[in-house]
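User: Hi, I've just opened this one and I'm new to it. Could you walk me through it?
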Amino acid sequence: MRLNKIKDKNAVVELTNGVQLPVIGFGTACMRSEGCKNAVGEAVKSGYRLIDTAAQYKNEEPVGKAAAESDIPRSKLFINSKLWNEDHGYENTMRAFEETLRWTGLEYLDSYLIHWPNPKPLRNMGFEEHNAASWKAMEELYRAGKIKAIGVSNFLPHHLNALIRHAEIKPMINQICLYPGNIQKETVAYCREHHIVLQAYSPLGAGKLLAHPVILGLSKKYGCTPAQICIRWHLQSGFIPLPKSADPARIRTNMDVFDMVLSDEDMGLLSSLDVNIKLLPNPDEADF
Ligand code: A2P
């Protein structure tokens, strides 16, 4: 999937089940309460249709309120949430999903992802079994029409392989940490081979990339902001970026990336960018 020909913020990609996913979304990690509601409201006004939340972010309620108070019909929004670590297993997943519906005030989710493949408290059981049990619940919820698409987040190829061994329905999305210089080659190749769409969280390297000299140079060359350079790199790489901002002007400009195209040479430069940012631990070793 190459998105450099996409010229329009309403563009979508099709998941394996035919569900249409907007090519850019709004991230909400670390946003809470009114601030979150206002930011999501601004994002929807600016044209974002995909909104990403999670039980772990503790902001499903303001995300749901912002969606309900927007002028956009529910069917035109794509709302994603995630199952947190303490809720793995069949029964727990069913309960956690109902709680997510209650917090968001929604009747269905557009997508629901297992947030983390190998939570520390369950690590001695092995990740394969509890992910398989959670996945069985998610497959049932999907078949019942309560979730339009199911997927995972932070899964590496060995986690995906194990999940697919037990799955009747393959994951449709893997949301991972991607940004220029952090291209997770093996996971990206695995997902492409299995037609799993890649969503990119921290697409701006949590904002830390925006002062990088190469990105600053490209922003001058293309006459745009450093954030737009990063977002455009995601689109042209075939990733669905989920940039976050609490600032209305930035929310708008981060979406205004459809009248520029980065050259192949500059795409290569960004992919191999030398960056020294460590945002996340290895999912098999994290302390949570
Ligand atoms: P702010 O909320 O003040 O705009 P990521 O999406 O990679 O996690 O990055 C999020 C961080 O990047 C936030 O700190 C956000 O700060 C900052 N950010 C988002 N968009 C822009 C932008 N256009 N210019 C500068 N900083 C930005």
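Predicted model: local features only at pLDDT ≥ 70, side-chain atom pairs only at ≥ 80, totals over all residues.

User: OK. What order do the strands of the open sheet have?
Analyst: The order is β3-β4-β5-β6-β7-β8-β9-β10, an open sheet of eight strands with parallel pairing. Strands (E, at least two residues) and helices (H or I, at least four) are DSSP runs, numbered from the N terminus. Two strands pair if DSSP finds at least two bridges between them.

User: And which strands stand at the edges?
Analyst: Those are β3 (25-27) and β10. Each has a single partner strand, so one side of each is left without a neighbour in the sheet.

User: Who partners β3?
Analyst: β3 runs parallel to strand β4 (residues 50-52), with three bridges joining them. Gly-25 stands opposite Leu-50 there.

User: Let's go to β9. Is it mostly covered or mostly open?
Analyst: Strand β9 (residues 197-201) is mostly covered, with five of its five residues buried. Buried means under 20% relative accessible area, exposed means over 50%, and partly exposed is in between (1.4 Å probe, protein chains only).

User: Which way do the residues of β9 point?
Analyst: Val-197, Gln-199 and Tyr-201 point one way, while Leu-198 and Ala-200 point the other way, and all are buried.

User: How is β9 tied to β8 and β10?
Analyst: Strand β8 (residues 173-177) and β9 run parallel and are joined by five bridges, with Cys-177 opposite Tyr-201. Strand β10 (residues 240-241) also pairs with β9 in the parallel sense, over two bridges. In that pair, Ala-200 has Pro-241 of β10 as its bridge partner.

User: What do β8 and β9 make with the helix?
Analyst: Together with helix α6 (residues 185-193), β8 and β9 make a right-handed β-α-β unit. Right-handed means that, with the strands pointing away from the viewer, the path from the first strand over the helix to the second runs clockwise.

User: Now β7. How many of its residues are buried?
Analyst: Six of the seven residues of strand β7 (residues 147-153) are buried. Five bridges join β7 to strand β6 (residues 109-114), and the two run parallel. One partner pair is Ser-111 with Ala-149 in β7. The chain gets from β6 to β7 through helix α4 (residues 127-143), in a right-handed β-α-β crossover.

User: And on to β8?
Analyst: β7 and β8 run parallel too, joined by three bridges, and Gly-151 has Ile-173 in β8 as its bridge partner. Helix α5 (residues 157-166) makes a right-handed β-α-β unit with β7 and β8.

User: Switching topic: which residues are closest to the ligand?
Analyst: The closest are Leu-204, Lys-244, Ser-245, Ala-246 and Arg-250, out of 14 residues that surround the ligand. A residue counts as near a molecule if one of its heavy atoms lies within 4 Å of it. The shell divides into seven nonpolar, five polar and two charged residues.

User: What about Asn-59, buried or exposed?
Analyst: Asn-59 counts as buried because its relative accessibility is 0%. Asn-59 sits in the loop between β4 and α2 (60-69). A polar atom of the Asn-59 side chain lies 2.9 Å from the backbone oxygen of Thr-28.

User: And Ser-33? Buried or exposed?
Analyst: Ser-33 is exposed, with a relative accessible area of 51%, and is found in helix α1 (residues 33-46).

Definitions and conventions
Residues numbered from 1 in each chain as written. Heavy atoms only, no water. Nonpolar A, V, L, I, M, F, W, Y, C, P; charged D, E, K, R; others polar. Polar contact = N/O pair within 3.5 Å; in protein donor to acceptor, adjacent residues only side chain to side chain.
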